[in-house]
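This report describes selected features of a sheet, a loop and a helix. The sequence and the structure are shown first.

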Amino acid sequence: MIGIITFHAAYNFGSVLQAFALQEIIKEICVTNSDLADCRIINYRSNLQKAMYDVFQKNSNIKNMLKNILKLPYARDFKEKNIKFEGFIKNKLNLTEEINSEEGFAELAKQFNCIISGSDQIWNVRAADFSYIYLLDGYHGKKISYAASLGPLKIDWSQYNRERFCSLINEYQRISVRERGSIDNLNGIVKSNPLIHLDPTLLLSKQQWESISSGVNYNDGNFILLYCLEPTMAQLKIAKDISKKLNLPIVVLRYNNKYDYINCFVKKYNSGPADFISYISHAKLVLTTSFHGTAFSINLHKPFFVIDGMKDNRIKNLLELVELSERSIEQLDYNDKIMNAFDVDYKKVTSFLEREVDKSKQYLINEVLYG
């Protein structure tokens, strides 16, 4: 039996969908091998991670109290969104029993022939919900990683437990990461040479993603989807300007309390993972600062721009791979680029992706079936 450990239960579109994608690819690879055909996502959900996605945070300080007050008008939408995420996690992911501790993981892990540390920022030691469980601490079987990420920034290892991280990661049979920046962060940490592979979301086809879309739409597709994690005022200004020039309303799926009361965006805060796919699929244009916003735009063949994309090593690597660096825009050049907003040669992009998809799948076949 194959296990996958990843950020599968964060109420974040990219996290949940990349977990689903890796699960589906492993199932496809192992379908002819009865010993390995059962693929399960290890249902590790720490109490800290659960608390991070509560609608309201504990009123432990003035900052949290103010955040909770600002959320009140959207509370019903947030609750609906959380229900949709839980429904997707329970209905689409093949989960083990739930665990929330290192001891629980060590006991559960005994049943697996091999465990894959999956994609997303599971090795980002800066993340509030980082755990050494994502490095398979306590498991003594076959360990590999697939497109794991250490996040977008350079890690100062003097601030973290470098020795423990180093010891655990060097127990892996093979190490695969998602971008060159993660290799740079592992320099001097790992003994073997890490490989770079595609994010799992790019391994499934446009048709496969559309098959689990909710079908939800807005304004018959005449809208801009703005998907940013923590947008700055400057980035929001670019989005508003593009909206005005193209005469298209902006739809947002993610709440950002700092600026929500000073914009006139169409707010769809009740959206779950299947809605995310649908809004990207139907949008006239996608504007994003997110890695997975970029990946899904490419996979679903949508016109898109990434605001300040070349400043994020994860997005930069992906855009360069498919020769779409021109889809990154900044304050100084977006007015020129907007003239070609709907011009993307996806025939050329598809040929680049097919080669990388084959390479990524072959890695998994080699390591899971024969390694």
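## Sheet

Two strands count as paired if DSSP finds at least two bridges between them. In this predicted model, six strands form an open sheet in the order 9-8-7-10-11-12, with parallel pairing. Strand 9 (266–267) and strand 12 (328–329) are the edge strands, each pairing on one side only.

Strand 10 (residues 285–288) and strand 11 (residues 304–307) run parallel and are joined by three bridges. Within this part of the sheet, V286 stands opposite F304 of strand 11.

## Loop between strands 8 and 9

The loop between strand 8 (250–252) and strand 9 contains N263. Is N263 buried or exposed? Its relative accessibility is 15%, and buried means under 20%, so N263 counts as buried.

The side chain of N263 has two polar partners to note here. It reaches the backbone nitrogen of F265 at 3.1 Å, and a polar contact of 3.2 Å joins it to the side chain of K267.

## Helix 9

Helix 9 (residues 233–246) has 14 residues, which should span 20 Å at 1.5 Å a residue. After helix 9 comes N247, with a positive phi near 55 degrees.

The buried residues of helix 9 are Q235, L236, I238, A239, D241, I242 and S243. These buried residues pack against strand 7 (224–227), strand 8, strand 10, strand 11 and strand 12, and also against helix 13 (334–337).

Methods. Residues numbered from 1 in each chain as written. Predicted model: local features only at pLDDT ≥ 70, side-chain atom pairs only at ≥ 80, totals over all residues. Heavy atoms only, no water. Helix = DSSP H or I, 4+ residues; strand = E, 2+ residues; numbered from the N terminus. Buried < 20%, exposed > 50% of the residue type's maximum accessible area, 1.4 Å probe, protein only. Polar contact = N/O pair within 3.5 Å; in protein donor to acceptor, adjacent residues only side chain to side chain. Expected span 1.5 Å × (residues − 1). Contact = heavy atoms within 4.5 Å.
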